[in-house]
Amino acid sequence: MFALVDCNSFFASCEKVFRPDLDGKPVAVLSNNDGCIVARSPEAKPLIPMQATLYSVQDLVKHGKLHVFSSNPVLYKDMSRRVIQTLKHFSPEVEQYSIDEAFLGLHGFTKADLTDYGHKVHTTVKQWTGIPVSVGIAKTKTLAKLAAHGAKRYPNLNGVLDFGTLADPDAVLANIDVGEVWGIGRNLKAKLNSMGIKTVLQLKQADERLIKKTFGILGLRTVLELRGTACFPMEPVAAPVTMRIVSRSFGHLVTELSDIKEAVATYTTRCAEKLRADGLLAGHFTVTIRTSYYRAENQYAAARSVQLDPPTHDTAVLIYEAMQLAEAAFTPGYEYLKAKVIATDLTPVGEVQGSLFAAPVDTEKRDKLMQTMDSLNRKLCPDAVKFGALGLKPTWAMRSDYFSQRYTTHWGELPTVKVWQMVKPTSTRLSCKPVR
Amino acid sequence: MGFPVPGDAIEQSLDLNHHLIHNPAATFFMRVEGDMVAGQDVHPGDLLVVDRSLVAQDGSLVVAAIAGTLQILRVEQHQGQLVPPGWQRGTDGDIDIWGVVAHLIRKV
């Protein structure tokens with residue numbers, strides 16, 4: 001048996017935990033760069049569509065009918081960690097599937113306990129972390145995912161749906177679009193539709209040979225999972241990292257090489273920090289820049305890479321290479337929107353053999369420099385100490401005008417509380433609103 | 001001749017995290033702000049260790065949401081409800097307990 005625990009409107013829920021004044025109010029979270037809406041609280045869902053631009057909702061925001069937040073990934077990651085930590089109290093097998101979803105392995109539970117157990121998970125996660133979750137329970141991961149969807153959609157279930165308790169599961173599956181099935185994206189859905197398969201039930205009852213022939217073994221497994229045969233086991237260990245990417249959109253369109261180089265140098269610095277934090281060296285480094293996809297004309301994209309010999313996580317070396325790659329990729333006359341740096345060919349520190357051809361570098365000294373930079377930047381603020389290539393006053397920086405605090409990871413940004421005072425009743429009727 | 005290091009007697013040094021945080025997933029730090037309130041054991045600037053997994057009881061120091069703001073107060077059992085002393089349910093509105101203050105850290 002499996003359970004899927006899915007956090008409801010996760011990013012918006014994270015923002016609400018520390019803001020009781022937003023209880024019951026519509027909250028939306030913007031993508032990186034305040035581009036468009038990527039998360040909506042239940043109250044915001046009827047007001048605005050997903051992917052709505054900030055521009056299109058600005059009237060609601062101005063009149064206080066919608067509260068928006070810039071993406072606060074540090075907060076979301078920490079809250080996600082807390083949810084997973086809580087789930088580990090419920091099962092030894094926890095597989096984090098995304099930032100807001102996790103599978104639990106439920107071996108050894110008797111059928112009768114399962115719904116109760118789901119409610120316990122639901123209540124405890126909410127109590128401990130403040131995050132509301134939906135729990136789907138079923139014989140297979142694919143069915144557990146569908147059950148979690150159902151638990152979210154029907155409030156009378158109180159956040160938990162045990163698929164095994166349904167009187168007529170097929171009648172339910174007949175009412176769910178095949179596109180809702182785990183692993184079936186837009187393309188697969190179109191193909192299934194063209195074969196006359198529109199509902200989950202139709203997929204469940206599809207001909208095995210036909211499915212295998214058209215969609216391969218993975219498609220067949222999905223069908224078997226819908227029939228209750230578990231084909232996707234728990235995968236508690238995260239796959240080893242094969243690349244490190246830092247990619248952002250600029251705050252506005254950028255035309256100058258100097259601005260692009262500053263941005264690329266900054267992303268490279270982040271990337272090098274990530275590599276050092278994970279004890280990895282990069283053997284290959286790529287820089288890509290591009291214009292907006294949403295423009296009909298004057299589009300441009302370019303990528304340039306370099307082999308690093310010996311592999312390194314030294315910020316200075318990586319910036320030096322990145323600057324050359326950025327210059328090589330740059331063509332004047334375009335309005336650039338986004339840059340990306342990608343470190344690949346990663347090896348753990350200590351497993352790298354010395355190079356035959358490269359000049360020896362005093363690595364011990366360099367490592368010390370990097371360690372000192374990392375610890376200063378951690379203590380003071382990001383980029384307190386940095387390389388000159390990053391620029392002093394970036395003009396390309398991301399927009400994040402609605403940033404909330406990093407409530408759980410920075411001493412200077414903790415939630416604040418007032419000392420409660422009894423408001424003495426007065427003879428005249430004054431409204432006693434708390435002063436903000 | 002020096003004394004041998006007694007290998008089996010080595011213990012870990014004392015860790016305040018261990019001492020103050022019993023349930024890391026449910027523990028949050030908060031800061032007290034505002035003016036000193038006479039007769040209160042909580043001061044502005046105090047660092048609170050708030051544990052959401054603890055169940056508030058009669059006499060607990062808690063952080064609660066009152067009128068949309070987080071406030072720290074002591075609650076007592078009154079007609080089956082945990083409320084601050086003298087609280088009139090209905091007239092004074094709702095209080096929603098956010099978490100129980102497990103420890104209070106004060107710089108002196």
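In strand β4 of chain A, His67(A) is the bridge partner of Val27(A). The structure is a predicted model, in which local features require pLDDT of at least 70 and side-chain atom pairs count only at pLDDT 80 or more, whereas totals for chains, interfaces and linings use all residues. Residues are numbered from 1 along each chain as its sequence is written, and chains are lettered from A and ligands numbered from 1 in the order in which they are written. Secondary-structure elements are DSSP runs numbered from the N terminus, with helices (H or I) of at least four residues and strands (E) of at least two. Strands are taken to pair if DSSP finds at least two bridges between them.

The bridge between Val27(A) and His67(A) belongs to the parallel pairing of β2(A) (residues 27–30) with β4(A) (residues 67–69), which comprises three bridges. Strand β2(A) also pairs with β3(A), here in the antiparallel sense and again over three bridges; within this pairing, Ala28(A) stands opposite Arg40(A). The hairpin formed by β2(A) and β3(A) has six residues between the strands, and Asn33(A) adopts a positive phi near 75° in this hairpin.

Burial was assigned from C-beta atoms placed from the backbone: a residue is buried if 20 or more other C-beta atoms lie within 10 Å of its own, exposed if 12 or fewer do, and partly exposed in between. In a regular strand, side chains alternate between the two faces of the sheet. Both faces of β2(A) are covered, with Val27(A) and Val29(A) buried on one side and Ala28(A) and Leu30(A) buried on the other.

Further backbone features occur elsewhere in chain A. Gln51(A), a residue other than glycine, has a positive phi near 70°. Gln51(A) is located in the loop between β3 (37–40) and α2 (58–62) and is exposed, with 11 other C-beta atoms within 10 Å. Asp345(A) likewise is not a glycine and has a positive phi, of about 55°. Asp345(A) lies in strand β12 (residues 336–348) and is partly exposed, having 14 C-beta neighbours inside 10 Å. The peptide bond from Asp309(A) to Pro310(A) is cis, with omega near 0°; Pro310(A) is part of strand β11 (residues 301–312).

Chain B contains one helix and seven strands, arranged from the N terminus as α-β-β-β-β-β-β-β. Of the 108 residues in chain B, 25% are buried. Contacts are defined by C-beta atoms, placed from the backbone, that lie within 7 Å of each other. Among the contacts of chain B between residues at least 6 apart in sequence, 55% join residues at least 24 apart.

At the interface, 29 residues of chain B are in contact with 20 residues of chain A. On the side of chain B that touches chain A, β1 (27–33), β3 (61–66) and β4 (69–74) each supply at least two residues, and β1(B) gives the most, with six. The residues on this side comprise 18 nonpolar, seven polar and four charged, where Ala, Val, Leu, Ile, Met, Phe, Trp, Tyr, Cys and Pro count as nonpolar, Asp, Glu, Lys and Arg as charged, and the others, Gly among them, as polar. Strand β1(B) additionally pairs with strand β13 (residues 416–419) of chain A, in the parallel sense and over three bridges. Lys418(A) stands opposite Glu33(B) of β1(B).

Methods: Contact = placed C-beta atoms within 7 Å.
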